[in-house]
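Dear colleague,

I am passing on the structure below, and I would be grateful if you could look through it alongside the notes that follow.

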Amino acid sequence: MRCTVLGAGVSGLSCAVRLLEEGHDVEVISDRFSPDTVSDIAAAIWYPFLTAPADRADTWGLVTYAELERLTTENPESGVRMRDGREYLRREVEPPAWGDDIAAFSILDREDIPEGYVFGWQFRAPVIEMPLYMPWLRSRVESLGGTFTQSFVKDLSEVPGEVVVNCVGLGARELCQDNEVRPARGQVIFLEQDPGIGHFDQQPETLTYTIPRSDVTVLGGTAQVDDWGMDIRPEDNALILEKVEALWPELDRSKIIGGAVGLRPSRSEVRLEVETIDGRKVFHNYGHGGAGVTLSWGCAEEVVELISQSA
Ligand SMILES: Cc1cc2nc3c(=O)[nH]c(=O)nc-3n(C[C@H](O)[C@H](O)[C@H](O)COP(=O)(O)OP(=O)(O)OC[C@H]3O[C@@H](n4cnc5c(N)ncnc54)[C@H](O)[C@@H]3O)c2cc1C
């Protein structure tokens with residue numbers, strides 16, 4: 001089938017790869033490409049964060065975990081590595097449903113929990129180094145015969161192809177008049193110092209993380225909903241450093257080398273469903289919030305399945 005994928009972030013490129021592997025023809029149309037997408041700013045660790053619905057997200061997340069883990073050994077040039085991390089919480093909660101299905105998951109002992117926190121868990125998860133991963137995904141699309149066209153799409157009915165896969169992220173606000181998609185602004189700091197393991201507090205209101213990559217450690221974060229500001233704000237940097245130092249007191253501020261801002265495509269829930277527009281099937285796959293990388297392969301596989309069912 002002739003498939004047009006709209007959007008060249010992690011969602012669009014993952015769908016393009018899976019569609020090509022299934023034997024479809026694929027053209028990716030997007031107004032921006034790597035390194036200028038939100039996906040390029042993702043920190044990025046596998047972790048279902050700021051996303052819903054929980055049951056579908058857990059399934060998509062576990063499919064993605066398995067694929068990313070496979071890439072660490074079979075395609076190390078993709079920039080995916082397994083790293084250990086610790087999540088700290090200010091109250092005791094039920095451990096996540098996916099805890100039993102990922103590597104090295106265990107509840108932390110009291111002495112491993114920093115001051116101010118009462119509970120937590122340790123886990124091993126893929127860290128996806130987006131400066132390597134996004135070009136790798138694009139080259140995978142190209143090597144499978146996919147093509148790229150740069151264009152801003154104003155109307156879904158103008159797009160070529162027998163089916164359309166809509167992965168425009170925050171762009172769906174305008175393209176689909178979907179006001180449920182809202183920016184959740186994320187600011188990060190790049191630091192040339194390795195914390196050894198990742199430290200996390202992934203509650204939206206106290207969001208704190210250190211994600212060690214091979215080039216830098218990414219420190220975060222913020223999740224400011226309905227904030228469209230793209231400038232790096234000194235006051236956000238100050239807050240991020242204060243929060244990170246509470247989890248990792250050895251942080252050396254002289255090792256800071258930069259930062260970035262991205263707008264997560266947040267939505268009450270991911271929109272992954274089919275809609276018929278002017279007699280043609282459009283498969284929506286957007287609104288992944290803070291977990292677009294975490295859910296990418298699981299969502300791509302569901303899109304491909306929906307397309308085969310509809311043929
Ligand atoms: C600071 C920060 C840290 C993050 N950390 C993580 C993390 O650790 N783990 C994780 O899983 N996720 C993380 N995320 C979230 C993740 O980045 C997003 O969920 C993900 O990138 C969404 O991918 P996407 O492909 O759906 O959207 P995008 O990357 O935004 O791609 C959308 C594409 O659609 C194109 N487009 C939009 N409108 C149109 C149009 N009208 N016509 C043509 N093209 C269009 C755009 O140009 C772009 O190519 C983080 C995000 C931020 C900002």
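β10 and β11 form a hairpin with four residues between them; here helices (H or I, at least four residues) and strands (E, at least two) are DSSP runs, numbered from the N terminus. This is a predicted model, in which local features need pLDDT of at least 70 and side-chain atom pairs count only at pLDDT 80 or more, while totals for chains, interfaces and linings use all residues. Residues are numbered from 1 along each chain as its sequence is written.

β10 (residues 208-212) and β11 (residues 217-220) pair in the antiparallel sense over four bridges, pairing being assigned if DSSP finds at least two bridges between two strands. On β9 (residues 198-201), three bridges join the strand to β10, again antiparallel, and a hairpin of six residues connects the two. Tyr209 of β10 stands opposite Phe200 and has Gly220 as its bridge partner in β11.

Five of the five residues of β10 are buried, a residue being buried if 20 or more other C-beta atoms, placed from the backbone, lie within 10 Å of its own. Thr208, Thr210 and Pro212 cover one side, and Tyr209 and Ile211 the other.

Helix α1 (residues 10-21) has twelve residues, which at 1.5 Å a residue should span 16 Å, and its end C-alpha atoms are 17 Å apart, which agrees; the expected span is 1.5 Å times one less than the number of residues. Eleven of its twelve residues are buried, among them Cys15 and Arg18. Just after α1, Gly23 takes a positive phi of about 95°.

With best wishes
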